[in-house]
Amino acid sequence: KAGVTQTPRYLIKTRGQQVTLSCSPISGHRSVSWYQQTPGQGLQFLFEYFSETQRNKGNFPGRFSGRQFSNSRSEMNVSTLELGDSALYLCASRLVSLRSNTEAFFGQGTRLTVV
Amino acid sequence: DQQVKQNSPSLSVQEGRISILNCDYTNSMFDYFLWYKKYPAEGPTFLISISSIKDKNEDGRFTVFLNKSAKHLSLHIVPSQPGDSAVYFCAAGLSGTYKYIFGTGTRLKVLA
């Protein structure tokens with residue numbers, strides 16, 4: 001069974017540009033979440049999608065947005081990039097169960113560098 | 001406000017001994033807790049989880065303990081192996097909110 005796939009693995013962008021990151025979840029997983037990891041800050045929750053709907057959002061500015069497609073694949077977009085947006089962006093998918101909590105499975109991440 | 005805290009940024013343990021990683025949380029509504037391991041240049045890998053209705057969960061060399069009154073959980077690795085050297089993150093979740101709050105991580109180094 002294929003894991004969570006994120007593309008691209010590495011990106012270098014210039015301040016002011018925009019970027020789109022892609023995530024393909026594990027087959028059958030309909031929940032996709034995005035996290036930002038920076039040194040010393042751990043993983044910060046960005047947002048979560050299920051059935052093409054954003055169900056929860058973290059404390060990030062509106063420059064960060066996302067969407068989910070009918071096949072559960074998700075994209076994250078960051079507009080007007082700032083130097084502080086340099087980070088590892090992680091996508092995680094989950095099998096949603098009404099009866100119990102389930103763990104999230106992470107992709108390898110996209111390393112974004114803003115120069 | 002950091003709702004999930006891992007106060008030890010690093011920990012060194014001899015191979016074969018026990019590793020104990022700690023995590024504290026502030027929101028008593030959290031009802032699901034997880035531990036992840038992360039190697040450099042890879043995404044976090046799920047290790048073990050525990051529901052708030054339990055106080056212990058065991059999976060092979062890994063055991064997670066939950067003390068709800070102290071709002072504290074810990075991960076025990078016995079025996080520790082050099083391959084366990086990684087950054088360990090604890091995470092807490094609230095049923096129905098579909099997101100996890102992560103700690104800042106503890107770097108474990110197991111010395112051969």
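A: Happy to! A polar contact here is a pair of N or O atoms within 3.5 Å; within protein, one of the two must be able to donate a hydrogen and the other to accept it, and residues adjacent in sequence count only if both atoms are side-chain atoms. By that rule, five residue pairs are in polar contact between chain B and chain A, counting pairs with both residues at pLDDT 80 or more. Please keep in mind that the model is predicted.

On the side of chain B that touches chain A, two strands, β4 (32-38) and β10 (100-102) of chain B, each supply at least two residues. The largest share of that side comes from β4(B), with four residues. Sorted by class, the side of chain B that touches chain A has ten nonpolar, five polar and four charged residues. Charged residues are present there, yet the count of salt bridges between chain B and chain A is zero.

Now for the extent of the meeting. The size of an interface is often given as the accessible area lost when the parts come together. Between chain B and chain A, that buried area is about 1800 Å², and carbon and sulfur atoms give 55% of it. In chain B, the residues that lose the most area to chain A are B:Y98, B:Y100 and B:F102, which together account for 33% of what that side buries. Counted as contacts, 19 residues of chain B meet 22 residues of chain A.

Let's step from the interface into chain B. B:V87 sits in strand β9 of chain B and counts as buried because its relative accessibility is 14%, under the 20% cut-off. Leaving out residues up to four places away in sequence, B:V87 touches B:Y36, B:K37, B:K38, B:G105, B:T106 and B:R107. B:T106 belongs to strand β11 (residues 106-111) of chain B, and it is buried, with a relative accessible area of 2%. The side chain of B:T106 reaches the backbone oxygen of B:S8 at 2.6 Å. Beyond residues up to four places away in sequence, the contacts of B:T106 include B:Q6, B:P9, B:L11, B:L21 and B:Y88.

A disulfide is a covalent bond between the sulfur atoms of two cysteines, and the structure holds two of them over all chains. In chain B, B:C23 and B:C90 are joined, with their sulfur atoms 1.9 Å apart. At 65° about the S-S bond, this link of B:C23 and B:C90 is right-handed. Since B:C23 lies in strand β3 (residues 19-25) of chain B and B:C90 in strand β9 (residues 86-93) of chain B, the pair ties together parts that are 67 residues apart in sequence. B:C23 is buried at 1% relative accessible area, and B:C90 is buried at 0%.

Chain A has a disulfide too, from A:C23 to A:C91, at 1.8 Å from S to S. Here the link of A:C23 and A:C91 is left-handed, with -60° about the S-S bond. A:C23 is in strand β3 (residues 19-24) of chain A and A:C91 is in strand β9 (residues 87-94) of chain A, so distant parts of the chain, 68 residues apart, are linked. A:C23 and A:C91 are buried.

Finally, a look at charge pairing. Side chains of opposite charge can pair when their charged atoms come close. Over all chains, the count comes to seven salt bridges. In one of them, A:D85 pairs with A:R63, the closest N and O atoms being 2.8 Å apart. A:D85 lies in the loop between β8 and β9 of chain A and A:R63 in the loop between β6 (53-57) and β7 of chain A, so the pair ties together parts 22 residues apart in sequence. A:D85 counts as buried at 4% relative accessibility, and A:R63 does at 16%. Another salt bridge joins the side chains of A:E75 and A:R67 at 3.2 Å, N to O. A:E75 is buried at 16% relative accessibility, whereas A:R67 is partly exposed at 46%. Returning to A:R63 and A:D85, salt bridges that share partners join them with A:E82 into one network.

Conventions. Residues numbered from 1 in each chain as written. Chains lettered and ligands numbered in written order. Predicted model: local features only at pLDDT ≥ 70, side-chain atom pairs only at ≥ 80, totals over all residues. Heavy atoms only, no water. Contact = heavy atoms within 4.5 Å. Buried area = accessible area lost by both parts, 1.4 Å probe. Salt bridge = Lys/Arg side-chain N within 4 Å of Asp/Glu carboxyl O. Nonpolar A, V, L, I, M, F, W, Y, C, P; charged D, E, K, R; others polar. Disulfide = S-S within 2.5 Å. Buried < 20%, exposed > 50% of the residue type's maximum accessible area, 1.4 Å probe, protein only.
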